[in-house]
Amino acid sequence: MTKPEGKYAWTVTVGTKGQIVLPKEARDVFDIKPGDTLIILGDKDQGMAIPPKNQFSDFFGKIFGK
């Protein structure tokens, strides 16, 4: 099976303190550096998502109103 262009899937393990480590390939693809701030969005029915950091303001506007 070939993966679609630009689509990725990784697994992570939750540690005892609730922490996860983003795989190196994911950090490279999304240019995530030490000290960067990420946002995690959650919906009980749809799950969690970590959107690209360059879209934070768009998400905040949609969620909390402009």
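Mentor: Let us begin with the overall dimensions. The chain has a radius of gyration of 14 Å, whereas a compact globule of 66 residues would have one near 11 Å. The radius is taken over C-alpha atoms, and the globule rule is 2.2 Å times the number of residues to the power 0.38. Along the principal axes, the C-alpha atoms fill a box of roughly 40 × 35 × 30 Å.

Mentor: A word on the origin of these values. The model is predicted: local features need pLDDT of at least 70 and side-chain atom pairs count only at pLDDT 80 or more, while totals for chains, interfaces and linings use all residues. Residues are numbered from 1 along each chain as its sequence is written, and side-chain values use heavy atoms, with hydrogens and water left out.

Trainee: Which pattern does the chain follow, read along the sequence?

Mentor: Helices (H or I, at least four residues) and strands (E, at least two) are DSSP runs, numbered from the N terminus. Here there are 2 helices and 2 strands, in the pattern α-β-β-α.

Trainee: What percentage of the residues of the chain count as buried?

Mentor: Buried means under 20% relative accessible area, exposed over 50%, and partly exposed in between (1.4 Å probe, protein chains only). Of the 66 residues, 9% count as buried. The accessible surface, computed by the Shrake-Rupley method with a 1.4 Å probe, comes to about 6,200 Å², and 56% of this belongs to carbon and sulfur atoms.

Trainee: How many aromatic pairs does a search of the whole structure find?

Mentor: A pair of aromatic rings is described by the distance of the centres and the angle of the planes. Rings of Phe, Tyr and Trp (its six-membered ring) pair if their centres lie within 6.5 Å; planes under 30 degrees apart count as stacked, over 60 as edge-to-face and the rest as tilted. The search finds 3 aromatic pairs. In one of them, the ring centres of Y8 and W10 are 5.3 Å apart and the planes lie at 5°, so this pair is stacked. W10 also pairs edge-to-face with F30, at 6.4 Å centre to centre and 80° between the planes.

Trainee: Why does the pair of W10 and F30 tie together parts that are apart in sequence?

Mentor: W10 lies in the segment before α1 and F30 in the loop between α1 and β1 (41-43), so the pair ties together parts 20 residues apart in sequence. Ring pairs link Y8, W10 and F30 into a cluster. Y8 is partly exposed at 38% relative accessible area, as are W10 at 31% and F30 at 42%.

Trainee: Which residues form the nonpolar patch on the surface?

Mentor: A patch is made of residues with over 30% relative accessible area and no salt bridge; nonpolar side chains (Val, Leu, Ile, Met, Phe, Trp, Tyr) are joined within 5 Å, like charges within 9 Å. A salt bridge is a side-chain nitrogen of Lys or Arg within 4 Å of a carboxyl oxygen of Asp or Glu. V12, V14, I20, L38, I40, M48 and I50 form the patch, with about 640 Å² of accessible area together.

Trainee: Is M48 buried or exposed?

Mentor: M48, in strand β2 (residues 47-49), is exposed, with a relative accessible area of 70%. Contact means heavy atoms within 4.5 Å; leaving aside residues up to four places away in sequence, M48 touches I40, L41 and G42.
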